[in-house]
Amino acid sequence: MRPQSADDVTLALAELERQKRAGAEKRRKLQEKERKHKAEPPRQVEKQRRCHILKGDTLESLALQYLGASNLATLIYKINQGFWWERRHANKVYLEL
């Protein structure tokens with residue numbers, strides 16, 4: 001065996017230090033990910049529900065009434081596409097069941 005030079009030892013120590021830091025970073029990220037999963041409550045799927053729609057109701061008014069925010073009207077529209085027919089009159093879209 002040939003004797004190791006100071007450069008070889010320095011390089012080996014630097015590589016060990018790099019591996020040690022990489023392992024510590026990997027463990028830190030894993031612990032952080034586990035903490036996030038523990039902090040988030042499991043999501044519950046909401047069951048479908050029927051809404052009573054009266055003449056003059058709009059998707060915005062239904063979103064406000066059932067979901068608490070009128071800006072969710074687009075969501076109601078996308079979820080229920082295919083369950084109604086669209087009729088257009090005077091640049092307005094009317095939905096018919």
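**The loop and the core beside it in sequence**

Modeller: Happy to. Asn 71 lies in the loop between α2 and α3; helices here are DSSP runs of H or I with at least four residues, and strands are runs of E with at least two, numbered from the N terminus. This is a predicted model, in which local features need pLDDT of at least 70 and side-chain atom pairs count only at pLDDT 80 or more, while totals for chains, interfaces and linings use all residues. Residues are numbered from 1 along each chain as its sequence is written, and side-chain values use heavy atoms, with hydrogens and water left out.

Asn 71 is exposed, because its relative accessible area is 61% (exposed means over 50%, buried under 20%, partly exposed in between, with a 1.4 Å probe and protein chains only). Ser 61 is ten residues from Asn 71 in sequence, and their C-alpha atoms are 9.6 Å apart.

Now to the core. Leu 59, Leu 62, Ala 63, Ala 73, Ile 76 and Trp 84 form the largest nonpolar core, meaning buried Ala, Val, Leu, Ile, Met, Phe, Trp, Tyr and Cys residues joined through side-chain atoms within 4.5 Å. Both α2 (59–67) and α3 (73–79) supply at least two of its residues, with the largest share, three, coming from α2. Setting aside residues up to four places away in sequence, Ala 63 touches Gly 68, Ala 69, Ser 70, Leu 72, Ala 73 and Ile 76 (contact means heavy atoms within 4.5 Å).

As for confidence, α2 has the highest mean pLDDT among the elements, 88, where pLDDT is the predictor's confidence in each residue, from 0 to 100.
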